[in-house]
Amino acid sequence: MMGCMEIERANEEDIDLLMDIFEKARMIMRHSGNTGQWTGGYPQRHLIEKCVAKGCTYKVRDDDGEVHGTFYMAVEDDHTYHVIENGAWRYDKPYAVIHRIAQDGSMKGLLKAAVDFASVTCPYIRIDTHEQNMIMRHLLEKYGFRKAGTIYTDNGSPRIAYERMDGAAVH
């Protein structure tokens with residue numbers, strides 16, 4: 001489904017639905033050959049509860065008003081981005097991060113919608129993904145992101161870091 005998407009802040013009542021979306025997204029990852037990302041039940045419920053309470057987790061509705069996607073977006077200094085190997089960030093300025101973007105397999109265009117949404121808030125966006133996440137890597141490059149290098153998550157797992165600066169809508 002490609003139509004219009006509505007993005008709004010998730011609330012406490014949405015957490016069960018978001019956890020279901022994350023489970024379906026993990027299954028999509030596994031079926032596409034991405035066996036190394038979001039293992040061990042990540043993202044855990046307590047993390048999603050914390051991010052929802054912080055007001056930085058969003059839900060995405062399709063044309064019919066049904067929630068099929070979610071993502072985290074905030075303008076913040078992500079500590080996992082402080083050290084970058086095999087490259088460098090091009091800009092030293094405030095940025096929006098997009099994390100934990102997921103959908104249940106029934107919509108297309110979620111990343112584009114999230115990037116466009118974040119660009120309204122901040123023209124500089126940073127995002128990272130697992131080396132095995134070929135779908136996300138392809139889409140990030142399609143939407144104007146460039147590889148910046150390698151960062152490490154809190155558990156020490158490497159991620160390919162991407163950045164985009166321009167604020168232009170994604171085509």
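This is a predicted model: local features need pLDDT of at least 70, side-chain atom pairs count only at pLDDT 80 or more; totals for chains, interfaces and linings use all residues.

Colleague: What makes β3 and β4 a pair of strands?

Modeller: Two strands pair if there are at least two bridges between them. Here 6 bridges join β3 to β4, so the two count as paired, and they run antiparallel. On to β2: β2 and β3 pair over 5 bridges, again in the antiparallel sense, and Val-60 has Gly-69 in β3 as its bridge partner. β2 and β3 form a hairpin with 5 residues between them, and Gly-65 in the turn has a positive phi of about 85°.

Colleague: In what order do the strands form the sheet?

Modeller: The 7 strands form an open sheet in the order β1-β2-β3-β4-β5-β7-β6, with mixed pairing. Neighbouring strands of the sheet are turned by 30° against each other on average, direction ignored.

Colleague: Why are β1 and β6 called edge strands?

Modeller: β1 (6-9) and β6 (146-152) each pair on one side only. For β6, 6 bridges join it to β7 (residues 158-165), and the two run antiparallel. Arg-146 stands opposite Glu-163 in β7.

Colleague: What makes β3 "mostly covered"?

Modeller: In β3, 8 of its 9 residues are buried. Helix α2 (residues 45-54) lies across β2, β3 (67-75) and β4 (96-103), running at about 125° to β4.

Colleague: How do you know that the buried residues of α2 line one face of the helix?

Modeller: The residues in question are Leu-47, Ile-48, Cys-51 and Val-52. Seen down the axis of α2, its buried residues fall within an arc of 130°, so they line one face. On the other side, His-46, Lys-50 and Ala-53 are exposed.

Colleague: Which elements do the buried residues of α2 pack against?

Modeller: They pack against α1, β2, β3 and β4. Just after α2, Gly-55 takes a positive phi of about 85°.

Colleague: Why is Val-52 called buried?

Modeller: Buried means under 20% relative accessible area. Val-52 has 9%, so Val-52 falls in that class. Leaving out residues up to four places away in sequence, Val-52 touches Ala-10, Asn-11, Glu-12, Ile-15, Leu-18 and Thr-57. The C-alpha atoms of Val-52 and Ile-15 are separated by 8.1 Å, with the two residues 37 apart along the chain.

Colleague: And what about Arg-26: buried or exposed?

Modeller: Arg-26 lies in helix α1 (residues 15-31). Its relative accessibility is 11%, and the limit for buried is under 20%, so Arg-26 counts as buried. Apart from neighbours within four places in sequence, Arg-26 is in contact with Trp-38, Gly-41, Tyr-42 and Pro-43.

Colleague: Now the rings. How many aromatic pairs does a search of the whole structure find?

Modeller: The search finds 9. One of them is formed by Tyr-58 and Phe-117, and this pair is edge-to-face.

Colleague: Which residues do ring pairs link into a cluster?

Modeller: The cluster consists of Tyr-81, Trp-89, Tyr-91, Tyr-95 and Tyr-124.

Colleague: How do you know that Arg-126 lies over the face of Tyr-95?

Modeller: One condition is that CZ of Arg is within 6 Å of the ring centre, and the other is that it lies within 35 degrees of the ring normal. Arg-126 is at 4.0 Å from the ring centre of Tyr-95 and lies over its face. Likewise, Arg-100 lies over the face of Tyr-72, at 4.8 Å from the ring centre.

Conventions:
Residues are numbered from 1 along each chain as its sequence is written. Side-chain values use heavy atoms; hydrogens and water are left out. Rings of Phe, Tyr and Trp (its six-membered ring) pair if their centres lie within 6.5 Å; planes under 30 degrees apart count as stacked, over 60 as edge-to-face and the rest as tilted. Helices (H or I, at least four residues) and strands (E, at least two) are DSSP runs, numbered from the N terminus. Axes are lines fitted to C-alpha atoms, for helices over the stretch in contact, and angles run from 0 to 180 degrees between N-to-C directions. Contact means heavy atoms within 4.5 Å. Buried means under 20% relative accessible area, exposed over 50%, partly exposed in between (1.4 Å probe, protein chains only). The arc is that of the directions from the helix axis to the C-beta atoms.
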